[in-house]
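Welcome! Let's take a friendly look at how two chains meet, and at a few residues along the way.

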Amino acid sequence: MNRHILLSVLVLVGMAPVLPARTIILTETDCEKIAMICKEAPRHSWAGYEASTGTFNAVYLELVPNRSFLIRYPIDRVPKGQRITNAELIVNATYKGAGESRVSIRRILAEWGPGVCHLYRMTRPKKVEWAVEGAQGASSDRAAKPSAVVRVNDVGDYAVNITEDVELWYTGAAANHGWIMTIDDEGGYLRMPSPAWTTRGNWRLRITYEPE
Amino acid sequence: MSRRFLTPLTLVVALSFALRASAQNEITIKVAPDTVVPFLMPITLPGITCMAVSDVADALVIGHKTDKGGFLTVYRLDGKGSPGPHVTVTLPRPPALDGLPNYPICLAFHPKLPVLYVWQDAALLKPPPEPVKHPGFATFDHLLVYSVAGVEPRLLASLARGDEFSQSVRAGSVALDAAAKRLYVPNLLILDQPDTPAAVGCYRLGDDGVPMPPDPTTAKPGEPIKLFKRMRHGAYDLTGTPVGQGFIPVSDDVVIVGGLYGPTTWDMSSSRAAFGGVTLYPYVGAGYYSRIIGHPTLPVVYSFAIGLQFLGCIEHSEGFLTLMPQWSAADGIVCRSSPVILARHNQIAVGGEGHVYLFDLDAKGKFKGTRVQAIVASPNVEALAYSEKFDRLFVPIEPPEKKP
């Protein structure tokens with residue numbers, strides 16, 4: 001083997017034990033499953049906002065009551081034999097309504113996929129309804145208790161600690177079906193960048209892990 | 001820095017890029033060496049704007065525009081799919097439009113009958129076309145239906161005239177549903193709304209493939225054939241002409257329409273949420289440039305942009321766009337034509353500048369990130385047509401200008 005390549009491999013292998021922790025950042029480009037579901041557009045997967053009456057689009061994500069954002073990050077890039085020491089979901093508020101908006105983040109408990117919408121959690125290979133429309137079923141569609149509640153008072157990034165959820169998924173104690181974000185308070189409003197359009201990297205999950 | 005330290009550093013950098021490159025939704029399609037595509041068949045004719053091939057009629061039809069008006073060249077294909085004898089057909093234009101050349105925008109064949117649909121418009125060609133309000137449009141038919149069963153194409157129907165159709169538009173498409181009961185048409189206007197937004201609609205087709213009245217029992221003899229379905233109010237995603245840059249009819253109620261912002265679902269059964277679009281970054285508002293096409297067997301929509309290098313695709317479920325789109329940037333290309341799908345090869349082809357590009361698809365219909373490309377002797381390849389039966393990709397070649 002070439003002497004330099006051998007040296008390179010030795011350096012990389014040698015570095016591993018001295019690195020106490022490693023952080024990876026997953027973004028929307030790593031995700032296959034993302035959706036914005038809405039009571040008013042019961043069959044659409046990308047009801048990000050109502051651009052004109054009856055026309056829903058994915059250019060923005062406007063979180064309001066009766067509209068929910070779903071996202072699942074695959075965490076299989078975390079190698080086996082690690083311990084999750086920290087996990088943060090970055091929520092970016094690009095525009096907000098008057099006053100504070102409280103955004104609840106809950107684990108989704110049921111498998112969802114193609115055709116996900118207000119009525120169905122998937123339509124392929126066959127149609128499967130949510131336990132309660134809009135993925136509102138507590139302890140069936142989604143966790144009863146929020147993993148985090150973000151109080152949005154201004155535009156900008158909010159780093160939300162969701163270490164416990166990622167640990168659950170990583171250890172296999174719970175299946176990773178991602179999160180659902182909702183605003184439950186009347187009048188709440190938050191605009192977020194759409195993963196389907198605009199620049200990349202607005203949706204970030206930062207996971208720090210170290211060898212067990 | 002010593003080479004001894006550079007090598008490990010290079011590996012670390014390479015590793016970090018490899019980790020980033022694992023993102024599946026955003027890929028770069030690298031330049032491929034020019035090669036010979038054995039099923040590519042050049043067609044050398046001037047002023048080609050559109051093409052269509054029928055595996056039912058064994059016919060290849062080419063639309064042309066000239067400064068005197070539009071015409072079609074209709075080829076018969078032989079047993080190997082090679083063009084044989086041809087005839088030309090001048091597209092009809094009313095005398096009232098004298099001085100305003102007409103031109104074919106798009107062509108489509110009936111999937112079961114030797115019937116051809118032509119959408120045409122008219123505008124000044126030089127200087128670049130500008131929208132004009134010309135009284136002659138009152139008698140100008142945008143939709144022409146021909147039988148290509150015989151040697152000479154025969155005009156079966158001529159319709160779609162009047163104020164509810166946009167004028168002097170240079171792009172659009174027509175498409176039939178799988179049952180061949182509806183023909184979707186582009187570039188309509190909604191006249192009773194203040195800003196007359198754009199719209200699309202469809203005609204009902206009879207068993208002979210000819211448009212028929214929406215309700216034959218109430219139709220009056222001699223009355224112009226009306227649209228069967230049409231948008232009654234404007235939709236943000238379909239604002240402005242051209243609209244209908246591709247149709248993917250999925251069911252009687254749902255069709256995916258190519259609009260200003262990319263693919264948009266039109267759910268005719270919904271009064272509350274009739275439209276839903278996903279704008280495939282970065283070509284927002286690229287009305288004249290956006291083109292969509294659906295995979296013939298997989299629930300995937302592809303979006304291309306004329307003049308750009310970006311290709312996108314997204315799944316749909318019963319016509320509703322779903323899950324994350326995939327974005328691709330194809331190094332060194334400029335799209336110049338609407339795409340065509342080559343199901344037999346699991347590829348999607350698009351014309352470019354002096355090239356035809358064939359992008360490989362995976363089993364789910366997503367871009368694999370690889371491509372094949374072939375040089376063609378034409379500065380811009382603005383139309384393509386593919387025969388699944390003969391496995392021929394027809395490519396227009398602009399003949400060299402004759403020296404005076």
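This is a predicted model: local features need pLDDT of at least 70, side-chain atom pairs count only at pLDDT 80 or more; totals for chains, interfaces and linings use all residues.

**Cysteines**
- A disulfide is a covalent bond between the sulfur atoms of two cysteines.
- A:Cys31 has its closest cysteine sulfur in B:Cys313, but the distance is 16 Å, so the two are too far apart for a bond.
- For A:Cys117, the closest cysteine sulfur belongs to A:Cys38, and at 11 Å that is also too far for a bond.
- A:Cys31 is buried, with a relative accessible area of 1%, and A:Cys117 is buried at 0%.

**Where chain B meets chain A**
- The contact involves 44 residues of chain B and 44 residues of chain A.
- Together the two chains bury about 3700 Å², with 55% of it on carbon and sulfur atoms.
- There are 4 salt bridges between chain B and chain A, and A:Lys127 and B:Glu318 meet in a salt bridge at 3.3 Å, N to O.
- On the side of chain B that touches chain A, helix H1 (3–20) and strands E19 (275–277), E22 (310–317) and E23 each supply at least two residues.
- By class, that side of chain B has 23 nonpolar, 13 polar and 8 charged residues.

**A residue in strand E23**
- B:Thr322 sits in strand E23 (residues 320–330) of chain B.
- B:Thr322 is buried, with a relative accessible area of 0%.
- Beyond its neighbours within four places in sequence, B:Thr322 is in contact with residues of both chains, including A:Trp46, A:Pro114, B:Ile314 and B:His316.

Methods. Residues are numbered from 1 along each chain as its sequence is written. Chains are lettered from A and ligands numbered from 1 in the order in which they are written. Side-chain values use heavy atoms; hydrogens and water are left out. Helices (H or I, at least four residues) and strands (E, at least two) are DSSP runs, numbered from the N terminus. Buried means under 20% relative accessible area, exposed over 50%, partly exposed in between (1.4 Å probe, protein chains only). Contact means heavy atoms within 4.5 Å. A disulfide is a pair of cysteine sulfur atoms within 2.5 Å. Buried area is the accessible area (1.4 Å probe) that two parts lose on being put together, summed over both. A salt bridge is a side-chain nitrogen of Lys or Arg within 4 Å of a carboxyl oxygen of Asp or Glu. Ala, Val, Leu, Ile, Met, Phe, Trp, Tyr, Cys and Pro count as nonpolar, Asp, Glu, Lys and Arg as charged, and the others, Gly among them, as polar.
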